[in-house]
Amino acid sequence: MSAPMVLTRENYFSPEANRLFMSNSQYGNWKKCAAKQFAIENEIYEEVDDKNHFIGGRYAHTAVLLPEELEQFEIDNPSVKKTLERSVKDWKDLGAKLGVDLKGKMKSRDTMREAIVDAGHEIPPEPRVFESKFAWIETALEGYERQQVFVDCIDKGKSEIIYTFQLGGIWWKCMIDNLRIQDNQFDDLKFMADFKEKWDNKKKRYVQWFEVYDYERQSALYQFGIKENENVLLT
């Protein structure tokens, strides 16, 4: 039996795909509040904070896994990054860096810009920075790049591999961030605020960070999806 829809990276997170397939995150949301998840999947309700977390996460994933697509991602999602207008101090610093005398030209940004152009210099592009709600991305990416072992793993694997499979009588979907069958391994990128243990009200004990978000269940589903599609059990 074929899957009800052909999934691509472009439509993987679409409302239609979410209605036709179950995923680890959707399963967790259905367990928490079925009414809310029903409303989300039928586009009746949208949570702004969740949307920002999703876009920020997708930006970070794209930067690591598919850097050649980052420029297009920024174009498609302008809320992630914005261009800030240079301050008066920025223009002064730029003039000093280029060796342009701005005395008598510091009444406004425009007069300083004109003085620099008149001196024969091209104006560099405005600095691009993250808005406050996405400021964590830069720190997270810097942390990733400092850990060469992770960089090497990502470089050796295939990125964002999509699988569909049946489990429990329904269709599921998963997107493997990094797949290295030759190394008997797959990876899923997580950008966490910290790795501290957290209290679980149901279990009445502190649990590891990955248990809080059911990442162990996600790993099991990914392992099952790979086995169903590639006929190999990665252990």
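Me: Which residues are linked with Arg9 in a network of salt bridges?
Reply: This is a predicted model. Its salt bridges include a network that contains Arg9. The residues linked with Arg9 in that network are Arg58, Glu69 and Glu160.

Me: How many salt bridges does the structure hold?
Reply: The network of Arg9, Arg58, Glu69 and Glu160 is made of salt bridges. For the structure, the number of salt bridges is 15.

Me: Where in the chain are Asp183 and Lys156, and how many residues apart are they?
Reply: Asp183 forms a salt bridge with Lys156, and their closest N and O atoms are 3.5 Å apart. This pair links distant parts of the chain. Asp183 lies in the loop between β4 (170–180) and β5 (185–187), while Lys156 belongs to helix α9, and the separation is 27 residues.

Me: Is Glu211 buried or exposed?
Reply: Glu211 forms a salt bridge with Lys203, with 3.5 Å between the closest N and O atoms. Lys203 has a relative accessible area of 38% and is therefore partly exposed. Buried means under 20% relative accessible area. Glu211 has 17% relative accessibility, so Glu211 counts as buried.

Me: What is the distance between the closest N and O atoms of Lys133 and Glu131?
Reply: Lys133 is partly exposed, at 41% relative accessibility. Glu131 is also partly exposed, with a relative accessible area of 21%. The two form a salt bridge, and their closest N and O atoms are apart by 3.7 Å.

Me: Why are the buried residues of helix α8 on the same side of α8?
Reply: Helix α8 covers residues 136–146, and its buried residues are Ile137, Leu141, Gly143 and Tyr144. They are on the same side of α8 because the arc they cover around the axis is only 160°.

Me: Which exposed residues does the face of α8 turned away from its buried side carry?
Reply: The buried side of α8 has a cover that includes α4, β2 (128–130) and α9 (148–156). The face turned away from that buried side carries exposed residues, namely Thr139 and Arg146.

Me: How far apart in space are Lys51 and Gly99, C-alpha to C-alpha?
Reply: Lys51 is part of helix α4, which runs over residues 48–65. With 41% relative accessibility, Lys51 counts as partly exposed. In sequence, Lys51 and Gly99 are 48 residues apart. In space, their C-alpha to C-alpha distance is 45 Å.

Terms used: Residues are numbered from 1 along each chain as its sequence is written. This is a predicted model: local features need pLDDT of at least 70, side-chain atom pairs count only at pLDDT 80 or more; totals for chains, interfaces and linings use all residues. Side-chain values use heavy atoms; hydrogens and water are left out. Helices (H or I, at least four residues) and strands (E, at least two) are DSSP runs, numbered from the N terminus. Buried means under 20% relative accessible area, exposed over 50%, partly exposed in between (1.4 Å probe, protein chains only). The arc is that of the directions from the helix axis to the C-beta atoms. Contact means heavy atoms within 4.5 Å. A salt bridge is a side-chain nitrogen of Lys or Arg within 4 Å of a carboxyl oxygen of Asp or Glu.
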